[in-house]
Amino acid sequence: MMDSIAGLQLGFANALTLGNLGWALLGCFLGTAIGVLPGIGPALTIALLLPITFKVEATGAFILFCGVFYGAMYGGSTTSILLNTPGESGSIITALEGAKMARNGRAGPALATAAIGSFIAGTIGTLGISFLGPVVVDLALRLGPAEYFSLMVLCFVTVSAVLGGSALRGLTSLFFGLLLGLVGIDLQTGQPRMTLGVPELLDGVNVVLVAVALFAVGETLYMAWRHTNEAPQVRQVGSIMMSREDWRRSIGPWFRGSLLGFPFGVMPAGGTEMPTMLSYYAERKLVKPEHAKEFGTTGAIEGVAGPEAANNAAAAGILVPMLTLGLPTSATAAIMLSAFQSYGINPGPLLFEQQGVLVWTLIASLYIANIMLVVLNLPLVGLWARILKVPQPQLYAGILVFATIGTYGISNSVTDLVLLYVIGIIGMFMRRFDFPTAPVVIGMILGPMAEQAMRQALTISEGDWTTFATRPVSLVILLLAATALVGPRLYRAIRSG
Amino acid sequence: MTRRGAGPDLAVGGFVLLLGALALWQTSVIPASPIYAQVGPKAVPYVVSAGLFALGAGLMATALRGGWSHALDEVREAPPTNWRSLGLLLAGLAANLVLIGPLGFSIAASAQFVLVAAAFGSRRLLRDLVLALVLTLLVWFLFVELLGVNIGAGILEGLVLRALGQEVI
C-alpha cells in the first residue's frame, strides 16, 4: 500500500514533464485514430512503431505504446457504434446495442456513454494496476523457474484453448507461433534450428514481421477475397449530450462492467470477449422492466455502457501479468514485451525493483492518458467520425505501404518481404477457417521464454523432470492448466451424455 | 450429416500435418550439441513438431467427420470469392517485391498502392498514383528521419534529398 503511494508520487513527478506528456498525447491521438480505422489495431501499430526503441529512451517509448493501447480501446467503440463493424473482439458486444442506438438517431449518447464508461473503467483498472501490481510482485518473487514454466503453460492453454471457437484450432495457432519462435540459433547451445538452411533465418523470424503479416497483409488479403462494392454506411453522430435519464441508466453498468472486467484481464484467462459478454447478459437481466424491450430493438444504453466498461477494465488488467510476471495474454501485450526485450529489460517481478522509475512513470501516464482520452473523444468525436470516411481502397493501400516499410526496414531484405507475404497468405486462410491469430504472436514471444525457464528448472533439478510435479505450486498451476484444457469438454460431455 | 465444406477443411488439416512433418524433419537435422546441457537444443523442437503433427491429425479427423467451417456464420454469409480483387492485390504485392530492390521503396510501394486501391474498386488511377507518391515519400522520411529506420534511398528518395540539398544516404 505504502509502496504504491510512494511509487505513484515518483511516477507522477516524472510523467508530468513536458516530454512525457507529449508522448502520452501522441500515443492517445494515434491510438484513437487507429482504433477508429477498421482493419488496424494496437498490436500492428505498436509493432510498426518498435523501431523508435532504438532512438527514444524506454520511458518515452512505453508511454507512447500505452497511450496507443488505451486509445485504441476508446476508438474501437466509435467504429462499432457508427459503422456496426467492431474493430476488435472486445467491441463486438458494444456493436450489438450501440449500432442499434445509432440507427435510431441516438449515436451521440451511445458514444458518450462509451467514452465516459471507458474513462471510469480505465481509471478503476489503473488503480487496480497500482495497488495489485506490487502485491503480485511479492508473490512472484518466490517463484522459481519450475513455477514460471508452469505459469507459462497455463498461459498457453488459456490464450489458445479456452478462448475462441475451438481448442483444436486455438492450439494449432499457438503451436504455429511456437514453431516460428524456435527458428534461429539456439541461445544456449549455439545450434541453428528450423532454418531450412536459409542463412537469413539464422537470426530468427522477427516478431514485427509476423504481426504485420497476420494483422495487415492477411487481413487485407481476406478483405480482397470477400470484396463487394457495397460501401458501409457511417451513421451521423448528432449531439453527444446525455439526458439525465441516460446518466442514471449508465452509472450502474459502468461500475459493474469495470469491476467485472478487471479480474478477467488480470488472470491469465485474459481476453476481453468473456467479460464483455458477461456484462452484457448481466445488464440485460438487471435492466428496469420498462427499458427491457429496448434491448435488441431500439438499442439500450445499458448494453453499451456495461460491456464498454468491461472491455476497458479487462484491457487495463492485461497489463498486470505483463508488468509483474512478464506474461503477455494478448497480442498487444506480447508486442510490448518484445519492446522491453529490445531495451534489454526483462519484464517480470524484478522489473518493479530494477526499473521502478520506469514502471511507476508508466502507471502514472496511464492515469494521464485516460484523462486525455476522454477529452479527445468527447468533444472531438466528430473528427474521429470523419476518419471513418477514409475510402476503403486508399485505406487498405495505405496500410500495406506501412506494412512494407515496417518489414523492409528491419534488414532491407527481400527475403523478409517474401516471408511477410507467405505468412500473410497463411493469415488470410486462418481468417477464413476461423483460426485465432493472437496465439501465434503470444506463442512466438512466450515460447522461447518458456523453453529457457524449463531448461533452468531442469538444470537446478539435475535433469529430473518430476520437478514440475513435485514442487507444490508448480503442480497446482499445471493442474489448473489441465482443468482449463479438458474441463469445458468434460462438462459438455457430461451434460450431453 | 452434411459433407459440404469438408474438402477445404481437409486441406487445412493436411497443411498443418505437412507443417508438422516439415518441423519434425528440421528437428532431426539439428546438429547434436557439443556443449553439455541438461536439455539439448532438440527437446523442445521435438515437442512442438510432434504437437503440430498431432493437431494436424486432429483437424483431419474433424474434417472427415464433416468439417467445421460450413457452420461458421462468416463463411455461410460470405460473398463469393472476388478473383479480380484478390488477383490485383497479389499483383500489387508482387510488383513491390520485384521493384523495391532496383528502384527503391517509394516507387515500389507506389506501384503497390495503385494496384491495391484498384483491387478495392478505385477507378481513379492517376489520382491514386499522385496520392501514393506523396504518401510513400512522407512515410519514407518519417521512418528514416524520425524513427531512424535504415532504408537506403532509392531513385525517387535520392532526387528529393538532392532537391533539398541533403546528402544522399
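**Figure 1. The contact between chain A and chain B in the predicted model.** In this predicted model, chain B brings 59 residues to the contact, while chain A brings 54 residues. On chain B, the helices α1 (6-28), α2 (43-64), α4 (83-103), α5 (105-119) and α6 (125-146) each contribute at least two residues to the side that touches chain A. The element that gives the most to this side of chain B is α2(B), with nine residues. Sorted by class, the side of chain B that touches chain A consists of 39 nonpolar, 19 polar and one charged residues.

**Figure 2. The fold of chain B and its two domains.** Chain B has seven helices and zero strands, and its elements, read from the N terminus, follow the order α-α-α-α-α-α-α. The chain is divided into domain 1, covering residues 6-77, and domain 2, covering residues 83-164, and the centres of these two domains of chain B, taken over C-alpha atoms, are separated by 37 Å. Chain B has a radius of gyration of 24 Å, whereas a compact globule of 169 residues would have one near 15 Å. Taken along the principal axes, the C-alpha atoms of chain B fill a box of roughly 65 × 55 × 25 Å. Of the 169 residues of chain B, 37% count as buried, and among the contacts in chain B between residues at least 6 apart in sequence, 60% join residues at least 24 apart.

**Figure 3. Segments of chain B annotated by UniProt as "transmembrane region".** In an unreviewed entry, UniProt places this feature at residues 47-65, 86-109 and 129-156 of chain B. Across residues 47-65 of chain B, the chain is 95% helix and 0% strand, with the end C-alpha atoms 27 Å apart. Across residues 86-109 of chain B, the chain is 96% helix and 0% strand, and here the end C-alpha atoms are 18 Å apart.

**Figure 4. The overall form of chain A.** Chain A contains 22 helices and two strands. Its radius of gyration is 22 Å, close to the 23 Å that the globule rule gives for 497 residues, so chain A is as compact as a globular protein of that length. The C-alpha trace of chain A spans about 65 × 65 × 50 Å along its principal axes, and 62% of the 497 residues of chain A count as buried. When contacts in chain A with a separation of 6 or more are considered, residues 24 or more positions apart account for 81% of them.

**Figure 5. The largest nonpolar core and the surroundings of V210(A).** The largest nonpolar core holds 217 residues, and those with the most contacts inside it are M152(A), V210(A), A211(A), V212(A), I335(A) and V441(A). Both domain 1 (6-77) and domain 2 (83-164) of chain B give residues to this core, so the core lies between them. For V210(A), once neighbours within four places in sequence are left aside, the residues in contact are L180(A), V205(A), I423(A), V440(A), V441(A) and M444(A).

Figure 6. Most residues other than glycine have a negative phi.

**Figure 7. F119(A) in helix α6 of chain A.** F119(A) sits in helix α6, which comprises residues 107-140 of chain A. This residue is buried, with 21 other C-beta atoms within 10 Å. Not counting residues up to four places away in sequence, F119(A) touches N370(A) and V374(A). A216(A) is 97 residues from F119(A) along the chain, and the C-alpha atoms of F119(A) and A216(A) are separated by 29 Å.

Conventions: Residues numbered from 1 in each chain as written. Chains lettered and ligands numbered in written order. Predicted model: local features only at pLDDT ≥ 70, side-chain atom pairs only at ≥ 80, totals over all residues. Contact = placed C-beta atoms within 7 Å. Helix = DSSP H or I, 4+ residues; strand = E, 2+ residues; numbered from the N terminus. Nonpolar A, V, L, I, M, F, W, Y, C, P; charged D, E, K, R; others polar. UniProt positions renumbered as here; feature names shortened; annotations may be inferred. Domains from an automatic or database assignment. Rg over C-alpha atoms; globule rule 2.2 N^0.38 Å. Buried ≥ 20, exposed ≤ 12 C-beta atoms within 10 Å, placed from the backbone. Core = buried A, V, L, I, M, F, W, Y, C linked by C-beta atoms within 7 Å.
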